[in-house]
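Please study the sequence and the structure shown below before reading on.

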Amino acid sequence: MGIRGIKILPAAIFMLVAASVGLFCSSCGESSGVKRPSAEELRILSLVTAADHILSELGCGDKIAAIDRHGKILPAMADKAVIAVGSTISREMLHQYKINCAVVWYYQQELAEFLRKEGVFVYTVSPINLQTYCHLVDDLAELCGKKVAAEPLISKFDAAISGENNDTSVPVKVYMELYAPWKVPAIDSYIGAILSLAGGVQAVEPAGANISVVSPEAVAMAEVEAVFYVENFASAAEIISRPALRNSSAAKNKHIFAVPRELLCEGVAPERLLKFFKEKLQLLKDK
C-alpha cells in the first residue's frame with residue numbers, strides 16, 4: 001500500500017528485508033573494538049530525543065544516565081542530567097556520569113569517534129522515517145535486553161499506520177510551519193508522510209532538496225485549508241495577520257492548530273502525531 005506515492009511495508013517484513021541487505025548496523029561501536037555493555041551495566045548518554053522516548057516506553061528509562069538539552073522537551077526526561085549541547089561534550093562529564101554507551105545521530109561522526117576513543121559503545125541512529133522507526137525500536141530493545149517489550153510498541157505503530165493506508169479521499173491542503181515563518185517540512189519527510197496518512201498534504205513544497213523555506217506568495221496562491229504550527233513558536237492571531245494567509249480558507253474558518261512540540265520530534269510517538277493531525281483535519285471534513 002502507498003501513502004500518496006510513498007511505499008509502506010509492514011514493519012516485520014521491512015526489518016527482514018533491511019537486515020538481509022545490510023541497511024542497518026546495530027553494533028556500530030563493536031566495529032571499532034568497543035565491546036557493548038551488558039543490559040545490566042548500561043549507562044546511556046542519549047543525544048536523540050526519539051531514543052529517549054522509545055527507551056522510556058520500553059521501560060528502560062533508568063538506563064539513561066544523561067541527555068542533551070533537546071531531550072528536556074519530554075516530561076519523562078525532566079530529572080535527567082544534561083551534559084551535551086549539540087555535539088559538544090567533555091571527557092570529564094563522561095567519566096563523572098560513568099557513560100559506557102551513547103546514542104547519537106548519523107551526522108555526529110566526529111563525536112562518535114571521540115566517544116569510541118573514550119571506550120564508549122556507540123549506537124548510531126539513521127534518519128528516522130516511517131520505514132525505519134520499527135527497526136529503531138527493535139534495536140534499542142535489543143540493546144537493553146527488552147526484546148519482548150518492543151512487540152506491543154511495534155504492533156501499536158503498525159496498527160496506526162496500516163489503518164490509514166486505504167484513505168482515498170481528497171487530501172486537505174495544509175500549510176505546516178516549523179519553528180519560523182515560511183519554514184516547512186518536505187512532502188516526503190517524516191512529518192510530511194504522517195500528514196499525508198492523516199488525510200492532508202503540504203500545499204507548498206520547497207523549491208529544492210536543500211531548501212526548507214517557501215515564499216509567502218506561493219502560500220497565498222495555494223488555497224490553504226488548514227494551518228499547523230509549532231506550539232509556542234507562533235500564534236493563531238499572528239498567523240491570521242499575515243497578508244499571505246489572511247484571506248485563506250484556513251484563516252476564515254479558524255482552522256489553525258498548534259501542534260505540541262514534542263510530537264514534531266522525529267520518532268517521538270508517531271502514532272500520536274498521526275492521531276492529532278487526523279482529528280484536526282476531520283473537523284474540516286465533517287463540515
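Which residue lies over the face of W182? R242 does, at 4.9 Å from the ring centre. A charge counts as sitting over a ring if NZ of Lys or CZ of Arg is within 6 Å of the ring centre and within 35 degrees of the ring normal.

## Basis of the values

The model is predicted: local features need pLDDT of at least 70, side-chain atom pairs count only at pLDDT 80 or more, and totals for chains, interfaces and linings use all residues. Residues are numbered from 1 along each chain as its sequence is written, and side-chain values use heavy atoms, with hydrogens and water left out.

## Aromatic pairs

Rings of Phe, Tyr and Trp (its six-membered ring) pair if their centres lie within 6.5 Å; planes under 30 degrees apart count as stacked, over 60 as edge-to-face and the rest as tilted. The count comes to 10 aromatic pairs. Y133 and F157 form a tilted pair, because their ring centres are 4.8 Å apart and their planes stand at 40°.

Buried means under 20% relative accessible area (1.4 Å probe, protein chains only). Y133 is buried at 5%, and F157 is buried at 2%. Elsewhere, ring pairs join F228, F257, F276 and F277 into a cluster.

## The largest cavity

A cavity is a set of points on a 1 Å grid over the protein atoms alone where a 1.4 Å probe fits but cannot get out; lining residues have an atom within 4 Å of a point. The largest cavity holds about 50 Å³ of space. Its lining consists of H53, E57, Y133, L153, K156, F157 and E271.

Conventions: Buried means under 20% relative accessible area, exposed over 50%, partly exposed in between (1.4 Å probe, protein chains only). On a 1 Å grid over the protein atoms alone, a cavity is a set of points where a 1.4 Å probe fits but cannot get out, and a pocket is an open set with protein on both sides within 12 Å along at least five of seven lines; lining residues have an atom within 4 Å of a point. Grid points are joined across faces, edges and corners, and a volume is the space filled by probe spheres set on the points.
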